[in-house]
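Welcome! Please take a moment to look over the sequence and the model before reading on.

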Amino acid sequence: MPSEVLILGAGFGGLEVAARLSEASDTSVHVTLIDHNDGLIFGFSKLDILFGIATRDQVRCSYRDIRLDRVEFRQERVTSIDPHRRAVVTDQHTYQPDVLVVALGADYDHAATPGFVEDGFEFYSVDGAERLRDRLESFDGGDIVLAILSTPFKCPPAPYEAVLLLHDQLVQRGARDATRIELITPMASPIPVSPSASELIVTELAARDIRYTPNQRVRELDPVKHMAKLKDDEIRYDLFIGVPVHRVPTVVAESGLTDGGSDGWVAVDPRTLATPYPGVYALGDCADAPVPRAGVFAESAARVVAEQILAALHGGPPGGPFDGTGICYLELGDGRVGKVDADFLSGPAPTAPLRGPSRALKQEKERSAEVRRRRWFAGAAD
Ligand SMILES: Cc1cc2nc3c(=O)[nH]c(=O)nc-3n(C[C@H](O)[C@H](O)[C@H](O)COP(=O)(O)OP(=O)(O)OC[C@H]3O[C@@H](n4cnc5c(N)ncnc54)[C@H](O)[C@@H]3O)c2cc1C
């Protein structure tokens with residue numbers, strides 16, 4: 001009987017673990033990959049949906065197109081995880097695999113910020129991006145506030161990309177002169193690991209007259225007066241866009257996997273992504289690893305997890321530790337893209353030099369997305 005590996009979540013992390021195990025051409029391993037959705041929409045495609053560049057159907061990769069040997073995809077909802085027994089219940093089956101990989105990502109807790117459900121917009125979910133796209137269609141001027149409501153959050157550059165692209169859209173529609181845009185963040189700089197990228201972002205914001213307010217957190221909205229409340233101040237808005245508070249999915253919180261992790265995230269060994277439970281790994285956005293929440297870091301963690309699994313099942317060296325590397329692209333509007341080559345863990349201190357921005361890097365970003373589509377979804381269109 002082949003060893004059974006069960007992967008929960010077919011996002012960046014889960015798909016990459018499955019691809020690595022499949023590529024190992026090890027017929028003694030069978031992988032079951034579970035996700036409640038029928039397809040994947042890459043994080044950065046939400047900006048394309050938001051700005052009307054593509055529809056949800058145009059950027060969706062169907063799980064029907066997964067072509068990975070010895071990997072079986074099942075569309076099921078995970079309803080309980082028992083890490084002690086390595087047992088998983090879904091809406092259709094129960095499982096007790098030899099190895100369990102939890103890659104269920106992060107959910108959004110809109111209600112954590114009072115007033116946000118009633119009077120806020122977001123673009124971090126596909127539904128949210130569509131709703132905000134529709135709202136922007138009728139926006140012809142006023143005060144826009146975009147606020148990062150807590151940390152950690154997915155893709156640290158994304159809020160900055162969104163306001164820069166929003167500026168471009170409003171200029172094209174002739175509504176920019178009548179609009180004031182402000183970005184508020186609880187962080188001291190946009191990308192703390194990369195002073196050069198942070199400086200570039202702050203310069204680009206200033207060049208477009210977008211007000212940048214670091215070290216401040218919007219705690220609450222007043223939906224009647226349309227006021228965003230900070231610790232000692234209030235800001236009026238006509239359109240409030242928030243990066244919602246992130247949490248592990250409820251099924252993960254209820255599993256006990258977050259015990260020992262900081263702030264409700266899954267506790268893992270940062271070198272191996274192993275949880276304290278034998279044969280149970282966690283990676284990507286749900287894991288408390290010392291890297292930002294981004295697909296590229298979920299992928300580099302997936303390489304390590306796949307190596308650990310193969311070594312544990314068959315003996316042999318376990319491969320190197322998680323190096324926390326990943327390339328982040330930074331959309332600056334006007335077709336220009338910057339590139340940050342981050343390395344969080346392999347040296348004595350994190351490094352993240354900036355290249356660009358340039359139009360050539362925009363093409364490189366598009367190619368890197370296409371490489372992933374082809375790697376995970378053989379049926380993906382050009
Ligand atoms: C606007 C935006 C832009 C972004 N841009 C970038 C970028 O340019 N580069 C980058 O690297 N990252 C980017 N990201 C971040 C990136 O999308 C995530 O960090 C990445 O997807 C995390 O991978 P993951 O595997 O941990 O989780 P996910 O990719 O979120 O996968 C988790 C999967 O688990 C499934 N799931 C959850 N609960 C259940 C359940 N109970 N049962 C069954 N299935 C379940 C979900 O359907 C999902 O498919 C961006 C994110 C956003 C929002």
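Helices (H or I, at least four residues) and strands (E, at least two) are DSSP runs, numbered from the N terminus. The model shown here is a predicted one: local features need pLDDT of at least 70, side-chain atom pairs count only at pLDDT 80 or more, and totals for chains, interfaces and linings use all residues. Residues are numbered from 1 along each chain as its sequence is written.

**Around the ligand**

Let us begin with the ligand. At least two residues of its shell come from each of helix 1 (12-23), strand 2 (29-35), helix 2 (45-50), helix 9 (295-314) and strand 21 (325-333). Among the 36 residues around the ligand, those that come nearest are Gly9, Gly11, Gly43, Gly105 and Gly284; a residue is near a molecule if its C-beta atom, placed from the backbone, lies within 6 Å of it. Because domain 1 (3-106 + 248-322) and domain 2 (109-246) both give residues to this shell, the ligand lies between them. The domain bounds come from an automatic or database domain assignment.

**Helix 7**

Next comes helix 7 (residues 195-207), whose 13 residues reach 18 Å from first C-alpha to last, close to the 18 Å expected at 1.5 Å a residue. That expected span is 1.5 Å times one less than the number of residues. Which residues of helix 7 are buried? They are Ala197, Ser198, Leu200, Ile201, Glu204 and Leu205. These residues lie on the same side of helix 7, because they cover an arc of only 160 degrees around the axis; the arc is that of the directions from the helix axis to the C-beta atoms. The face turned away from the buried side carries the exposed residues Thr203, Ala206 and Ala207. Here, a residue is buried if 20 or more other C-beta atoms lie within 10 Å of its own, exposed if 12 or fewer, and partly exposed in between, with C-beta atoms placed from the backbone.

**Two pairs across the chain**

Phe44 sits in the loop between strand 3 (39-41) and helix 2, and counts as partly exposed because it has 17 C-beta neighbours inside 10 Å. Ala207, in helix 7, is exposed, with 11 other C-beta atoms within 10 Å. Each of these two residues has a partner in the table.

| Pair | Apart in sequence | C-alpha to C-alpha |
|---|---|---|
| Phe44 and Glu161 | 117 residues | 9.8 Å |
| Ala207 and Gly333 | 126 residues | 12 Å |

**A hairpin**

Finally, strand 6 (residues 78-82) and strand 7 (residues 87-90) run antiparallel, joined by four bridges; two strands pair if DSSP finds at least two bridges between them. Ser80 stands opposite Val89 in strand 7. Four residues lie between the strands of this hairpin, where Arg86 takes a positive phi near 55 degrees.
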